[in-house]
Amino acid sequence: MQILLDYRPALRQRTGVGGYMHEVAQALVATAPRDERLLLFSSSWKDRLDSQAVPGAEVLDRRVPVRVLNWAWHRLGWPPIESLTGRRVDVVQSAHPLLLPSRSAARVAMIHDLDFLDHPERTTAEIRRDYPRLAARHARAADQIVVVSRHTADDVASRFGIPASHISVCVPGAPSWPRRQTDPARGGCLLFIGTLEPRKNLETLLAAYARLLADSPDAPPLVLAGRIAAGAQPIVDLARQAPFAGRVELPGYVTEDAKRALFERALALVMPSHTEGFGLPALEAMVLGVPVIAARSGALPETTGGAALLVDASDEHALSHALRSVLADPNLRLRMRTAGWQHAAQFTWASTAQQIRGAWQLAVAHRTSARG
């Protein structure tokens, strides 16, 4: 069986969807049966995909501008992947809600969340242009849909009218980091990590942090680590003004090594997002034993499994109180650390790979049945 995986989100900075696709590709190769061949597809006018991006997978890299290709794929359903690559495949796995066109392969869409339907103003470019208009139609045409949480599965089923049998929950895995047994000895911080974008609700986080600083001028710095997306510049500008100047760090996109170093430094991870399809940084924090403070929204309660302090995403008072509680109480941090370790232990990328394979098998079966 030959599987084509849309690797384009992992071509450059691997955050969110790109990180998921890279990690699951590695796990798929590591656990592949003898008759399975993984093909990584990429397209860009200027960026080339390293042939060893995922050792053991074959790279199909095409010099086609991604915006041009997406417009043709999303709107025209052309060209089929077979024409573009010269290869016949059994399954085409998209990284997003919109399908990759194929003449004969079973087609799998991937939906991380449906925030683009409710808040298109938080999105840009093709996501704003195409997803709200086309996602439902593509989802109904897919042979199988992959989602990253039960929360998203329920959302897709109810809003798009997709039967549960056509939706596969394939949760991310946790990194194989050793547990951190104690708090940072010095130089600790409060950490947010993820793309800086409107749906991450960083205004509320800054408002809560301002309250913390007013009560505790010696509070640790707040680090907002991640790529600055379109629409996030007002947050960056605010973070550089009083009372945040010199107290809020903005390192931008961070590599895997730099991300790990930030987690090691963190006294707590804060995720106040309006919504998350999963919330991978919360899982990464729990693996190490970093306490997590998160919004009671989207998939975050599911992801953290009772190991986090949850607050209303719009309540800056509650968030400030949670920050103060975690910083002031070492026993609370110890309890959260232990609970996080226990919960995170169930998440592995090998398990994700097996869940993805199950989705492919269902896609092939559904495709065969439809042809009838």
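# Briefing: a predicted chain of helices and strands

The buried residues of helix H7 are Leu202, Thr204, Leu205, Leu206, Ala208, Tyr209, Leu212 and Leu213. The protein chain holds 14 helices and 13 strands. Of its 372 residues, 54% count as buried.

**Helix H7**

- H7 covers residues 202-215.
- Its 14 residues should span 20 Å at 1.5 Å a residue, and the end C-alpha atoms are 20 Å apart, so the two values agree.
- Strands that cover the buried residues of H7 include S8 (189-193), S9 (222-225), S10 (248-252) and S11 (266-271).
- Helices also take part in that cover, among them H8 (233-239) and H12 (316-328).
- An α-helix has 3.6 residues a turn, so residues three or four places apart point the same way.

**Helix H1**

- H1 runs through residues 17-30 and has 14 residues.
- From first C-alpha to last, H1 reaches 20 Å, close to the 20 Å expected at 1.5 Å a residue.
- H1 is mostly covered, with ten of its 14 residues buried.
- Those buried residues are Val17, Gly18, Gly19, Tyr20, Met21, His22, Val24, Ala25, Ala27 and Leu28.

**The whole chain**

- A compact globule of 372 residues would have a radius of gyration near 21 Å; the protein chain has 21 Å, so it agrees with that rule.
- Along the principal axes, the C-alpha atoms fill a box of roughly 65 × 40 × 40 Å.
- Among contacts with a separation of 6 or more, 66% join residues 24 or more positions apart.
- The chain exposes about 15,700 Å². Carbon and sulfur atoms supply 51% of that area.
- There are 43 positive and 36 negative charges, and their mean positions are 4 Å apart.

- Ser273 sits in the loop between S11 and helix H10 (280-288).
- Ser273 counts as buried because its relative accessibility is 0%, under the 20% cut-off.
- Leaving aside neighbours within four places in sequence, Ser273 is in contact with Arg199, Lys200, Asn201, Ala295, Ser297 and Ala313.
- One of these partners, Asn201, is found in the loop between S8 and H7.
- Asn201 is buried too, at 2% relative accessibility.
- Its phi is positive, about 65 degrees, although Asn201 is not a glycine.

**Backbone exceptions**

- Most residues other than glycine have a negative phi, and most peptide bonds are trans.
- Ala125 is not a glycine, yet its phi is positive and near 50 degrees.
- Ala125 lies in helix H5 (residues 125-141).
- The relative accessible area of Ala125 is 51%, so this residue is exposed.
- Trp78 and Pro79 are joined by a cis peptide bond, with omega about 0 degrees.
- Pro79 has its place in the loop between helix H2 (66-76) and helix H3 (81-85).
- A cis peptide bond also joins Ala242 and Pro243, with omega about 5 degrees.
- Pro243 lies in the loop between H8 and S10.

**Asp143**

- Asp143 is found in the loop between H5 and S6.
- At 7% relative accessibility, Asp143 is under the 20% cut-off and therefore counts as buried.
- Asp143 and Val364 are 221 residues apart along the chain, but their C-alpha atoms are separated by 7.3 Å.
- Beyond its neighbours within four places in sequence, Asp143 is in contact with Ala105, Ala106, Arg107, His166, Leu362, Ala363, His366 and Arg367.

**Arg357**

- Arg357 is part of helix H14.
- Arg357 is buried, with a relative accessible area of 7%.
- Not counting residues up to four places away in sequence, Arg357 touches Leu28, Thr31, Ala32, Pro33 and Glu36.
- One of them, Leu28, is among the buried residues of H1.
- The C-alpha atoms of Arg357 and Pro132 are separated by 28 Å, and the two residues are 225 residues apart along the chain.

Definitions and conventions: Residues are numbered from 1 along each chain as its sequence is written. This is a predicted model: local features need pLDDT of at least 70, side-chain atom pairs count only at pLDDT 80 or more; totals for chains, interfaces and linings use all residues. Side-chain values use heavy atoms; hydrogens and water are left out. Helices (H or I, at least four residues) and strands (E, at least two) are DSSP runs, numbered from the N terminus. The expected span of a helix is 1.5 Å times one less than its number of residues. Buried means under 20% relative accessible area, exposed over 50%, partly exposed in between (1.4 Å probe, protein chains only). The radius of gyration is taken over C-alpha atoms; the globule rule is 2.2 Å times the number of residues to the power 0.38. Contact means heavy atoms within 4.5 Å. Accessible areas come from the Shrake-Rupley method with a 1.4 Å probe; for residues, only the protein chains shown count as cover. Lys and Arg count as positive and Asp and Glu as negative; His and the chain ends are not counted. The place of a charge is taken as NZ of Lys, CZ of Arg, CG of Asp or CD of Glu.
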